[in-house]
Amino acid sequence: MSHDDPSPPSPFQPIDAARLSDAVVAQIEALIVQGILRPGERLPGERELAERMGVSRPSLREALARMQADGLLVTRPGSGVSVADVLGSAFSPALVRLMARHPRAADDYLTFRKDLEGLAAERAATAAGETDLAVLDRIVQAMRHAHASPDPQAEAALDADFHMAIVEASHNLIALHMMRAMQDLLRQGMLFNRPRIFASPELRDRLLDQHIGINDALQSRDGPRARAALEEHLDLVARTLSIQRRADDDAATARLRLSNRAP
């Protein structure tokens with residue numbers, strides 16, 4: 001990077017308050033609540049962070065210690081201070097395992113997402129700022145590029161980013177954190193395999209067209225059209241998942257019949 005390039009923007013701002021540690025806590029908490037600092041994200045080193053926020057290192061240490069005691073930050077040997085997995089309690093490990101064993105959980109997951117994201121899309125059409133719309137447009141352009149690749153993995157990952165960006169653009173903090181908790185389940189493949197849905201060339205074409213349509217509605221700030229397009233998209237995903245599940249069941253039955261045939 002040349003010396004003429006501007007420094008990347010920092011979410012951390014200088015502190016001006018009587019008790020500096022309180023102001024540090026308030027600012028970092030706000031960054032977590034707003035979704036700017038994500039679970040697992042590492043904070044800058046102590047010296048750098050103190051300089052960015054304009055506080056002494058003792059004041060910073062006091063603030064970070066209080067936030068670790070509250071469970072918002074964690075310290076890992078050799079990795080410094082990171083944002084805790086504050087979403088981890090949304091779905092307990094036992095519940096995750098239970099849902100993974102029951103197909104209805106994936107159906108209910110998509111139904112809930114349809115409700116949540118439909119409202120978020122309609123709200124985002126009016127609540128999104130120009131930066132939000134630019135982020136959505138950039139993701140869709142990346143989808144177009146990934147669509148030309150024979151590997152569906154990249155396009156599937158961008159699909160997750162696009163849906164997350166819609167909820168972020170709605171500027172509803174509760175919806176944001178709920179969506180992040182659900183996306184984490186999906187990224188782990190706990191409910192269904194997203195790349196598999198993108199494996200069919202014909203389906204990939206339809207999904208890309210739908211994502212483009214959702215983005216077009218949002219760029220036009222047409223809330224009802226954005227909501228309808230998003231709901232239609234998730235309906236297609238649900239139908240595809242049902243068809244794939246039926247095909248898997250039929251294949252398993254066929255294998256059992258084959259293994260049970262007399263030689």
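Accessible areas come from the Shrake-Rupley method with a 1.4 Å probe, and for residues only the protein chains shown count as cover. The model is predicted: local features need pLDDT of at least 70 and side-chain atom pairs pLDDT 80 or more, whereas totals for chains, interfaces and linings use all residues. Residues are numbered from 1 along each chain as its sequence is written, and side-chain values use heavy atoms, without hydrogens and water.

Phe112, Ile174 and Met178 make a nonpolar surface patch of about 300 Å². Ile174 belongs to helix H8 (residues 173-187), helices being DSSP runs of H or I of at least four residues, numbered from the N terminus. Ile174 counts as exposed (over 50% relative accessible area) because its relative accessibility is 65%.

Helix H5 (residues 103-127) comprises 25 residues and spans 35 Å from its first C-alpha to its last, close to the 36 Å expected at 1.5 Å times one less than the number of residues. Its buried residues (under 20% relative accessible area) include Tyr109, Arg113, Glu117 and Ala125. Arg113 has a relative accessible area of 3%, and its side chain makes a polar contact with that of Glu117 at 2.4 Å; such a contact requires N or O atoms within 3.5 Å, one able to donate a hydrogen and the other to accept it.

Ala217, in helix H10 (residues 201-219), is buried at 0% relative accessible area. The C-alpha atoms of Ala217 and Ala125 are 7.6 Å apart, although 92 residues separate them in sequence.

Note on methods:
Helix = DSSP H or I, 4+ residues; strand = E, 2+ residues; numbered from the N terminus. Buried < 20%, exposed > 50% of the residue type's maximum accessible area, 1.4 Å probe, protein only. Patch = residues over 30% accessible without salt bridge, like charges linked within 9 Å, V, L, I, M, F, W, Y side chains within 5 Å. Salt bridge = Lys/Arg side-chain N within 4 Å of Asp/Glu carboxyl O.
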